[in-house]
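Thanks for making the time this morning.

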Amino acid sequence: MIQRLSLLTEIPYETIYELTLRSYEKTIFEQSNTTNKQKWVLPLGIYHRTWTNNGLQFCPVCLSKDEEPYFRKSWRLGLSVACTKCNTLLHDCCPNCNSPVTFFRSDVGFKYTVSANTIATCWQCGFDIRNSFRYPTVIGTIGYQTKINTIIKTKHWQDRCPSNEYFDALYQILKFLRSTSPWYRHFVELIMSYENLRIRSLPTKHEFEKFNTIEREISLRIACWILEEWPHRFINLCKESKLTTSIVLKDTQSLPPWFITVANDHLHLPSASEKSIMRMQAKKQKH
Ligand SMILES: [Zn+2]
Ligand SMILES: [Zn+2]
């Protein structure tokens, strides 16, 4: 597909590749998945020739500044909740009729001509989404959105690790935050008790990618905060809420080695048999 487009348009293969979500391979996920749902990418819910999910977000300010409006690649990511240039929250649907943004539908019915509407016009209700309300962001949101954008851009989390490892750890923390399992109840309650985090509740849907922008904003803000001051904040929170190694490392396919090491070294609770071995060793050392 990319090769064919490159041939037809005479645009270099790499330039077109950079426009696709596959270009996030090894940056936010290991491998792109064309058949199933893709981690971090908002699902479109393709049904016949339309999209049923709010899988494409937009910044109304960016769109109104564009000479020819266009949708940015990053607006398809669950990791994007705010525009750092315009200091505003992204929208994930038409604010006038709540329909998903399906700009290509504007051309339906125009077989031989092109619709006079721009791609910034809602196909359902005709609202110009450039005029959408500009939501100011919560304090802290622009800070962590900038941090996420930098990690994606530099493909590294500071000088600690490759970016995909950071995002794997972040994904695991997000699982704790939305879990309804009793194991994580204390963990979530503890986080909510921090007044400066300003949260009353955390969303608990099964999939992070199905959260709306506001829900992702809250969850990402907290998950990024937990990974700050690594590993001390994470260890303290887990210890205080009695999360052990086995719970923290549960149900995961890929976790970075530094995350596993911290969980093994700091959160492990010895079993009864391990405790008796340790007691015997302590006795031996005394003699
Ligand atoms: Zn913007
Ligand atoms: Zn609409």
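This is a predicted model: local features need pLDDT of at least 70, side-chain atom pairs count only at pLDDT 80 or more; totals for chains, interfaces and linings use all residues.

Of the 287 residues in the protein chain, 28% count as buried. If we take the contacts between residues at least 6 apart in sequence, 62% of them join residues that are at least 24 apart.

The largest nonpolar core holds 54 residues, and the members that touch the most others are Leu 170, Ile 173 and Ala 223. Several elements give two or more residues to this core, among them strand S3 at residues 82-83, helix H6 at 185-192, helix H8 at 232-240 and helix H10 at 257-266. The element that gives the most is H5, with nine residues.

That brings me to the helix pairs. In general, two packed helices are described by the angle between their axes and by the distance between those axes.

How do H5 and H7 pack? Helix H5, residues 163-178, and helix H7, residues 213-227, meet at an angle of about 120 degrees, and their axes are 9 Å apart. The two helices are therefore oblique to each other, and the crossing of H5 past H7 is right-handed. On the H5 side the contact involves Ala 169, Leu 170, Ile 173, Leu 174, Leu 177 and Arg 178, while H7 brings Ser 219, Ile 222, Ala 223, Ile 226 and Leu 227. Sorted by class, this contact of H5 with H7 has nine nonpolar residues, one polar and one charged.

H7 also packs with helix H4, residues 141-154, here at an angle of about 70 degrees and with the axes 10 Å apart. H4 and H7 are therefore roughly perpendicular to each other. From H4 the contact takes in Thr 141, Tyr 144 and Lys 147, and from H7 it takes in Glu 217, Leu 220, Arg 221 and Cys 224. By class, the residues in this contact of H4 with H7 are three nonpolar, one polar and three charged.

Ile 119 sits in the loop between strand S4, residues 88-89, and H4. Is Ile 119 buried or exposed? Ile 119 is buried, because 20 other C-beta atoms lie within 10 Å, and 20 or more is the cut-off for that term. Ile 129 is ten residues from Ile 119 along the chain, and the C-alpha atoms of the two are separated by 9.2 Å.

Conventions
Residues are numbered from 1 along each chain as its sequence is written. Chains are lettered from A and ligands numbered from 1 in the order in which they are written. Axes are lines fitted to C-alpha atoms, for helices over the stretch in contact, and angles run from 0 to 180 degrees between N-to-C directions. Helices (H or I, at least four residues) and strands (E, at least two) are DSSP runs, numbered from the N terminus. Angles under 35 degrees count as roughly parallel, over 145 as roughly antiparallel, 65 to 115 as roughly perpendicular and the rest as oblique. A crossing is left-handed if the near helix is turned anticlockwise from the far one by less than a right angle, and right-handed if clockwise. Two residues are in contact if their C-beta atoms, placed from the backbone, lie within 7 Å. Ala, Val, Leu, Ile, Met, Phe, Trp, Tyr, Cys and Pro count as nonpolar, Asp, Glu, Lys and Arg as charged, and the others, Gly among them, as polar. A residue is buried if 20 or more other C-beta atoms lie within 10 Å of its own, exposed if 12 or fewer, and partly exposed in between; C-beta atoms are placed from the backbone. A nonpolar core is a set of buried Ala, Val, Leu, Ile, Met, Phe, Trp, Tyr and Cys residues joined through C-beta atoms within 7 Å.
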